[in-house]
Amino acid sequence: MHNFNSGPSVLPQEVLKQAAEGIHDFNGIGLSILEIGHRTAWFGDVLSEARSLVKELMNLGDEHEVLFLHGGATTQFMQVPMNLLDNSETAAYCDNGIWGSKAIKEAKLFGNVDVVASSKDKNHSYIVKNFSVPSTARYLHYTTNNTVEGTEWHFIPETNVPLVADMSSDIFSRPMNFSRFGLIYAGAQKNMGAAGVNLVVVRKDILGKVKRAIPTIMDYRNHIEAGSLLNTPPVFAVYVAMLTLRWIKKEGGLAEMERRSIERAKLFYNTLDSLPVFKPLVVKEDRSLMNATFTIEDPELEKEFLDECRQNGMVGVKGHRSVGGLRVSMYNALPLSSVEAICGLMKEFHARHSTVTMKA
Ligand SMILES: Cc1ncc(COP(=O)(O)O)c(C=O)c1O
C-alpha cells in the first residue's frame, strides 16, 4: 500500500514491528506495554528517553520542558490561552487555515485576539509575509504547516513577543531554531507516532503569569512538576512516539528528514506542474513539503482519478472534507517509491485525459 493519509498516517515499518512486539512482550519482561503501571521504572525509562530525544532533536536546553499530554492538538487551542492569556489581555494570532481559525475561536474564550495576518481573502492559498505584532501582545500564535490547505511557513516570524506554534503536521520534519519558541505543540499522529498523545514543549518562564484559577489538569506547571505523570498518560502512544523519535535519530535526525522531504516534494510538485489536467491549489513559494493539495477541474475526472488511486493501492488522496479536491501527504516515513508510484499514475492519467480536458 502507498499511504498518503493526512493523519493518522504512515509510520516506519520497523517502528510498527517494535510496537507490535511491545504489545506481546515489552522488552522481554513477560508483560505487554499495555499491562504495566505508568509509574513503574519500565515506563519511566520510556518517558525519559522520549523526553530526552525531543530535547536532543530540537537542540533545546534546560529552559524548555517537554510534556506528553492527552487531548490532541485541539485541546491545546484552549489550554494555551487558558495558561498564557488573561481576560483583559490580547494575544496575536495568524489566521492561515482551518486549524489556526479553530485556535482563534478558542482563544477568544479567554481574552482578546488580534488577528495580525490572515490569508482568508484567497482561501488560505498563501502565507502572509509582512505583518506586525504589537509589543503588548502576550504571544504570537501560528500554525507552521496548514495540513488542510497545503501551505507551510518557510520562515519563523520576527517578533519580540513569545512565539507559540501548532506544529502538528510538520514537527520533526526539518531543523529549526526551536529555542525561539515559547511554546510548541503537536498531536503525534503524523510525524511522531500514534494518535492519543500530544507533545508540548514549553519555556518555563512564560508560565504563571495569568490571574485566573486554572483547573489542575489544565495547568502546564502541574504537568511539569509531575513529569508528565499527573494522571495516567497515554502509555502506548508515548511508547510509539519514543520508538519513532529513536528512528528519526538513527536515520540521521532532522537534517536527514528535511533532505528526504525536499526530495519527495520536488518530485511530486515537478510532476504536478508538468501535467495541466491537475491544478495546484496554493502559491508555489508557500507550498507545504508535507501536504500537497491540488484538484482536477472536472469532478467526474477527479472521482475517476481517486478510483484509480484506490485500485493501485494508493490511499488517503481525497482532500479534506472542508475544501475537497485532492491531497497527497508526504510525512517523514513515506518512502520515495510511494511518491514515484503516484507520479507515475498521474502521468498515465494525464496522457489518457489531457485532450478531453483541453477541449472542455
Ligand atoms: C495543524 C493541525 N492542528 C491541529 C489538528 C487537530 O489535531 P487533533 O485531532 O489531534 O486534535 C490537526 C489535525 O489534523 C492539524 O493538522
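Trainee: Is E152 buried or exposed?
Mentor: E152 counts as buried, because its relative accessibility is 2%. The cut-off for buried is under 20%. Keep in mind that this is a predicted model.

Trainee: Where is E152 found?
Mentor: E152 sits in strand β7, residues 151–152.

Trainee: What does the side chain of E152 reach?
Mentor: The backbone nitrogen of L289, at 2.8 Å.

Trainee: And I156, buried or exposed?
Mentor: I156 is buried, since its relative accessibility is 16%. I156 lies in the loop between β7 and β8 (163–166).

Trainee: How far apart are I156 and N222 in space?
Mentor: They are 29 Å apart, C-alpha to C-alpha. In sequence, 66 residues separate I156 and N222.

Trainee: Switching to the ligand. How many residues surround the ligand?
Mentor: There are 13. The closest are T74, T147, D166, Q189 and K190.

Trainee: Which helix gives the largest share of that shell?
Mentor: Helix α3, residues 72–84, with four residues.

Trainee: How does the shell divide into nonpolar, polar and charged?
Mentor: Three residues are nonpolar, eight are polar and two are charged.

Trainee: What lies 2.6 Å from a nitrogen atom of the ligand?
Mentor: A polar side-chain atom of D166. T147 has a side-chain N or O atom 2.5 Å from an oxygen atom of the ligand. A73 uses its backbone: an N or O atom there is 3.2 Å from a ligand oxygen.

Trainee: How much of the ligand does the protein bury?
Mentor: The protein buries 84% of the 390 Å² that the ligand exposes when taken alone.

Trainee: Now helices. Does the length of α8 agree or disagree with what its residues should span?
Mentor: It agrees. Helix α8 runs over residues 299–311, and at 1.5 Å a residue its 13 residues should span 18 Å. The end C-alpha atoms of α8 are 18 Å apart.

Trainee: Which residues are buried in α8?
Mentor: L301, E302, F305, L306, E308 and C309. They cover an arc of only 160 degrees around the axis, so they lie on the same side of α8.

Trainee: Why would residues three or four places apart point the same way?
Mentor: Because an α-helix has 3.6 residues a turn.

Trainee: What is exposed on the other side of α8?
Mentor: P299, E300, R310 and Q311.

Trainee: What caps the N-terminal end of α8?
Mentor: D298 does. A side-chain oxygen of D298 is 2.8 Å from the backbone nitrogen of E300.

Trainee: And just after α8, which residue takes a positive phi?
Mentor: G313, with a phi of about 75 degrees.

Trainee: What about α1, how far apart are its end C-alpha atoms?
Mentor: They are 17 Å apart. The 12 residues of α1, 13–24, should span 16 Å at 1.5 Å a residue, so the two values agree.

Trainee: Which residues of α1 are buried?
Mentor: V15, A19 and G22. Their arc is only 55 degrees around the axis, which puts them on the same side of α1. The face turned away from that buried side carries exposed Q13, K17, E21 and H24.

Trainee: And α7, which residues does it cover?
Mentor: Helix α7 covers residues 253–274. Its 22 residues should span 32 Å at 1.5 Å a residue, and the end C-alpha atoms are 32 Å apart, so that agrees. The buried residues of α7 include L254, M257, F268 and L272. Charged ones are among them too, including E256 and R260.

Trainee: What is phi for N27?
Mentor: Phi of N27 is positive, about 50 degrees, although N27 is not a glycine. Most residues other than glycine have a negative phi. N27 is in the loop between α1 and α2 (41–58). N27 counts as exposed because its relative accessible area is 62%.

Trainee: And N123, where is that found?
Mentor: In the loop between β4 (112–118) and β5 (140–143). N123 has a positive phi near 50 degrees. N123 is exposed, with a relative accessible area of 67%.

Key:
Residues numbered from 1 in each chain as written. Predicted model: local features only at pLDDT ≥ 70, side-chain atom pairs only at ≥ 80, totals over all residues. Heavy atoms only, no water. Near = heavy atom within 4 Å. Polar contact = N/O pair within 3.5 Å; in protein donor to acceptor, adjacent residues only side chain to side chain. Areas by Shrake-Rupley, 256 points an atom, 1.4 Å probe, with all protein chains shown as cover. Helix = DSSP H or I, 4+ residues; strand = E, 2+ residues; numbered from the N terminus. Expected span 1.5 Å × (residues − 1). Buried < 20%, exposed > 50% of the residue type's maximum accessible area, 1.4 Å probe, protein only. Arc of directions from axis to C-beta.
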